[in-house]
Amino acid sequence: MTPGTNPGPLGAAVTLTADDVARQSLARGAAGTALLHIERAWTGCGDWSTAQAHLRRVASGNVDADDDTGLYYGAPAVAFLLQAAADRHPRYRAASQTMDEHVLRLIRRRLDSATARIERGKPAAFAEYDLFRGLTGIGALLLRYHPRSDELVAILRYLVTLVTQPHNEDGVELPGWWAAHDPDKIVPTPGGHANFGMAHGTAGLLSFLALATVDGRVVDGQREAITELTQWFDRWRQDGPDGPWWPQWITREELRAGRPARTHSGRSSWCYGTVGIARALQLAALATDDPQRQHAAEDALAASLTDTQLDRITEPGLCHGIAGIYQTTYRASLDASGPGLARRLPALADRLTQFAPPAGDQNDDQADAGGLLTGRAGVELALETARRGTPPHTGWDACLLIA
């Protein structure tokens, strides 16, 4: 779908090719590369003709608006791109408005399905509520570009219900966000699990509710939901020689025991681990005006940035690698109560530069192979932040729920 042309049957029953799927994937496809070029065009480090060519590549042909799409794929991902461009380039505004209409219809369908699931007493799934595929991610899109929409209010009410109303199964009280499925195909969790990560779990829920609260978008029960989530993190916090840490997820057995089976922290990252969780807790503290919790969150983040901890990071990308750690720490430093986090940014930027692909290797197809989350596009976007020392002009890291 390009501005001024027929977009085709968006959301209709059509067969999408592998290329169709890849081009509209923000997570791993061409959409992440397009976002990089839009950011560069905004800053003057690139040009709008290049950004337009990448946008055209993403939005041409059929755009998936089915119920399994989310912020990182399909119509919501394309809407995120078009909005990032339309804020600066008027030619994309009409296309952006058209795509938004499809996204709003999608949201209403998704909310109806979620409400029906809750009424049936069935457990939730990542695809219903998480950042990548669920209503939290689509809510992040609305919070940035449609903060006064009825649909954002409805998503906030749904998430408040999810957080504050436990799910009862076989006489066991489980959190409302308890997922009946495994966190990963190769990691079985009989009876389901509760996920702590930013992408699929509690940290993402907390960040979104906190960001909405800071922005003045509050529904009944929202502050109570934030308290519920912060108490959950208090309950499962573990203290080790390298500072506090949290499990990636807990199983039914661990919930029953009241402690995680793992006795040491995993590597920290934006997606899982202390870096993402600490930012979520910092945002919650800002939303509830809790200086003590803010200091604790910032101390936890700082403790995860020692050389010992960072030497365990072997990937460059946003999801599990140094780019995500840098961007999260940068955002946290802007809100921090002291200069400690900001002082760590130069060393993080040095590590990021060391991980980055060679400057002469500008193959966009290579960037598409990993997309925003694990590919070159995410690394380059974090490097843009490090080079300029200012927040992204497009606000692209809203899709990480850190801003």
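Which residues does G192 touch, not counting residues up to four places away in sequence? The model is a predicted one, where local features need pLDDT of at least 70 and side-chain atom pairs count only at pLDDT 80 or more, while totals for chains, interfaces and linings use all residues. Residues are numbered from 1 along each chain as its sequence is written, and side-chain values use heavy atoms, with hydrogens and water left out.

G192 sits in the loop between strand 2 (172-174) and strand 3 (193-195); strands (E, at least two residues) and helices (H or I, at least four) are DSSP runs, numbered from the N terminus. Its contacts (heavy atoms within 4.5 Å) are W178, A179, A180, H181, I250, T251 and R252. G192 counts as buried because its relative accessibility is 0%; buried means under 20% relative accessible area, exposed over 50%, and partly exposed in between, with a 1.4 Å probe and protein chains only. A31 is another story: 161 residues away along the chain, its C-alpha atom is 32 Å from that of G192.

Now for the empty space. Rolling a probe the size of a water molecule over the atoms shows where such space is left. On a 1 Å grid over the protein atoms alone, a cavity is a set of points where a 1.4 Å probe fits but cannot get out, while a pocket is an open set with protein on both sides within 12 Å along at least five of seven lines; lining residues have an atom within 4 Å of a point. Grid points are joined across faces, edges and corners, and a volume is the space filled by probe spheres set on the points.

The largest pocket comes out at about 880 Å³. It is lined by 30 residues, and R28, F132, R133, D184 and H200 are the closest to its centre. There are three cavities of 30 Å³ or more, and the largest cavity has a volume of about 50 Å³. Among the residues lining that cavity are S304, Q309 and I325. Q309 belongs to helix 14 (residues 307-310) and, at 10% relative accessibility, is buried. Leaving aside neighbours within four places in sequence, Q309 contacts D242, A303 and S304.

Finally, the backbone. Most residues other than glycine have a negative phi. D289 has a positive phi, near 55°, and L401 has one near 60°. D289, in the loop between helix 12 (274-288) and helix 13 (291-303), is exposed at 67% relative accessibility. L401, in the segment after helix 18 (376-388), is buried at 1%.
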